[in-house]
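Here are some notes to read with the model open beside you. Work through the points in any order you like.

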There are 2 protein chains.
Amino acid sequence: MSPSIKDVAERAGVSVGTVSNVLNHPERVSDSTKESVLTAISALGFVRNSSAAQLRAGTSRSIGLIVLDLANPFFHDVARGVEAVADELGYAVVLCNSDDQTERENRYLQVLEEQRVRGVLITPVEVGSGRLDALRKRGTPTVLVDRHDPRVNCCSVAVDDVGGGELAGAHLLSLGHQRIRYFSGPLSLRQCADRLTGLRKAVTEAGLDPERVIEVSEERAMNARTAYSAAKKRFGGRDKATAAFCANDLMALGVLRAAVSEGRQVPGELAIVGYDDIEFAADAAVPLTSIRQPTQHIGRAAAQLLVEECDNPDTHAHQQVMFKPELVIRESTTG
Amino acid sequence: MSPSIKDVAERAGVSVGTVSNVLNHPERVSDSTKESVLTAISALGFVRNSSAAQLRAGTSRSIGLIVLDLANPFFHDVARGVEAVADELGYAVVLCNSDDQTERENRYLQVLEEQRVRGVLITPVEVGSGRLDALRKRGTPTVLVDRHDPRVNCCSVAVDDVGGGELAGAHLLSLGHQRIRYFSGPLSLRQCADRLTGLRKAVTEAGLDPERVIEVSEERAMNARTAYSAAKKRFGGRDKATAAFCANDLMALGVLRAAVSEGRQVPGELAIVGYDDIEFAADAAVPLTSIRQPTQHIGRAAAQLLVEECDNPDTHAHQQVMFKPELVIRESTTG
DNA sequence: TGGAGATCGTGAAACGTTTCATTCACGAGT
DNA sequence: ACTCGTGAATGAAACGTTTCACGATCTCCA
């Protein structure tokens, strides 16, 4: 096996306590002994065994992050934000991908708890799962990402989706559009429903009737392919909509492709607004107008809340942070 | 602190050894004691401390995976492949994102070694780094992903980039193109250079002169934006090229956008071939012909090699696995 | 000269598991 | 009645750190 601190001590002719001090409190050790210990360490190729260190310390300096889908740019950016803050504060991040499966989520929660992470950041497959509550009850702080806990049992960070829908709607209305088609994912998802609510609100506030202005296409999956075929079907007949608002950018790309293949000018004959402002949005054949979420900030805020709770478990008060999204205008609405 | 195995033992009225047996060797324990131990466990909310377990066991059942960029669909798919195999074989995967920075890579290598992972899968920032060699020398098996070790000190899994360039070239030539522009990243990257080599080979094999057929645009970054402006510059003047071969799909998307904005028909006036076949390739405004790499298989193969080496450190012989890429034809070359 | 600090180092305990040799209880076989 | 075997539970050792109370040595000044 790999050499232990004991081997190092022996070789350097000091006690194990001294070696440990060189590693953790160098200022307590004289320069000469420090040097001989260090040479022994590199001669033996010693690497500290973190299991032992953590066992003794009783606590780790790491936090867990469980997201639904790392391939999704949204979560990817969130993760970056989390890592940045964790880095600053000296925490390590254990990255987990639940793939939207409760079973995987539970497995990771188990692993993280066994590792005695200080806290967990999570976008749960469903809010109110027992496994997560149990974790919290046992004293591990938890922060919800892109979700809210109706009972405010813990902190959470999310984005105002109603506001996002409103932004999109107001923008399209200001350009004179009177018929807007909303390409949505399942309306059972809070995000999709909220965005529709916001869109309706914008229409109402413009003094128009949502029932007349808005048409909804609810699709099973929120990807380019399903949006493409849905849009193709609409535009094959003669849809009266002059604008499309899509529940995410992938769907917007699908709609764009359908428009191109039907020979419909964008934005001349069809304006398109996406959601998320993923990297590809700006690089699409016609750069997409989109609703940008402050993803990195979400991650940063979540990590800060978590660390705050870890450091002051008693005085801590749970917060529900809500970020405002932002409209990014590109050529798909204003050629 | 959280309850230990000792607390459980006390509450269930048995010894700690018995509790441990319930956890790890249930068959050695009678049904009645097993039951009382289990009720004690759930009553106390006991969760095993993996640091202690691992310390005692001396070995973990986890492997590390360090990639250059998790946002890149290529690495994302590789990770999926790795996870799938690890899952089957009962290993846990520790996912790390080096972000192409040597410093981050080294930090993660350190952490993984401290955690005593059984092995490491890595796409190193640069091959032949000292930190990695040291790890290997100390007995931790290592497999290179999408890279080769010229000295064959370890296993590696990569894709034949020369072959990929050749596929693209042959395809374009068979469509009658005589002027091909290669939009490349830095030619100092083996991947970019290899793909050019392959392209040249295809031209030569068609009995043509690579010098006359191929023009190279070497860009700093391999993203849509740089490719867009590079392409814009070319097509603004009158480039004689009728086809573009791009070092990755992001660049291809940039070229496509430039073509659209210059009013150049794709594929009629410009055929485009990308590389990687990322998910968006099929969903682009004009679906992209691309070179697909068997990414999941790369991950699977790498994980299998690693586990093989972990399990049979003595009899193991290093292998350099090379996968063949595949041409996926879409509308950007054959309208 | 001696005593008070300051500076370094020591050694043993403790962290929570797993393992393994040992003990215990009990029924079967002679 | 005695041993033998079997199945179940025990208890102590060990894993590699960190911590902390305690010595040892040295310096400085009364």
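1. Start with B:Arg116, which is buried: it has 21 other C-beta atoms within 10 Å, and the cut-off for buried is 20 or more. You'll find B:Arg116 in the loop between helix H6 (102-114) and strand S3 (119-122) of chain B. Do keep in mind that this is a predicted model.

2. Is A:Val152 buried or exposed? A:Val152 counts as exposed because it has 12 C-beta neighbours inside 10 Å, and exposed means 12 or fewer. Here again phi is positive in a residue other than glycine, with a value near 50° for A:Val152. The loop to look in runs between strand S4 (142-145) and strand S5 (155-159) of chain A.

3. Next, the cis peptide bonds. In chain A, one joins A:Val266 and A:Pro267, with omega about 5°. A:Pro267 sits in the loop between helix H12 (249-261) and strand S9 (271-276) of that chain. In chain B, the bond from B:Val266 to B:Pro267 is cis, and omega is near 5°. The loop that holds B:Pro267 is the one between helix H12 (249-261) and strand S9 (271-276) of chain B.

4. On to how the two chains meet. Contacts link 36 residues of chain A with 36 residues of chain B. On the chain A side, the elements giving two or more residues are H4, helix H5 (73-88), strand S2 (92-97), helix H6 (102-114), helix H11 (224-236), H12 and helix H13 (279-283). By class, that side of chain A has 18 nonpolar, 10 polar and eight charged residues.

5. What rotation superposes chain A on chain B? The answer is 180°, with 0.1 Å of shift along the axis and an RMSD of 0.2 Å. That is the relation of a two-fold axis. If you want a landmark for the axis, go to A:Ser51: among the residues of chain A, its C-alpha comes closest, at 2.3 Å. As for the interface, 100% of the interface residues of chain A are also interface residues in chain B, so the copies meet through the same surface.

6. H2(B) gives the largest share, six residues. The surface near DNA strand C divides into 12 nonpolar, 12 polar and four charged residues.

7. Finally, DNA strand D. Which residues come nearest to DNA strand D? Of the 28 around it, they are A:Ile5, A:Gly17, A:Ala52, B:Gly17 and B:Thr33. At least two residues each are supplied by helix H1 (5-12), H2 and H4 of chain A and by H2 and H4 of chain B. For DNA strand D, the largest share is the six residues from H2(A). The classes near DNA strand D come to 12 nonpolar, 12 polar and four charged residues.

Note on methods
Residues are numbered from 1 along each chain as its sequence is written. Chains are lettered from A and ligands numbered from 1 in the order in which they are written. This is a predicted model: local features need pLDDT of at least 70, side-chain atom pairs count only at pLDDT 80 or more; totals for chains, interfaces and linings use all residues. Helices (H or I, at least four residues) and strands (E, at least two) are DSSP runs, numbered from the N terminus. Ala, Val, Leu, Ile, Met, Phe, Trp, Tyr, Cys and Pro count as nonpolar, Asp, Glu, Lys and Arg as charged, and the others, Gly among them, as polar. Two residues are in contact if their C-beta atoms, placed from the backbone, lie within 7 Å. Copies are superposed by least squares on the C-alpha atoms of residues with pLDDT of at least 70 in both. A residue is near a molecule or strand if its C-beta atom, placed from the backbone, lies within 6 Å of it.
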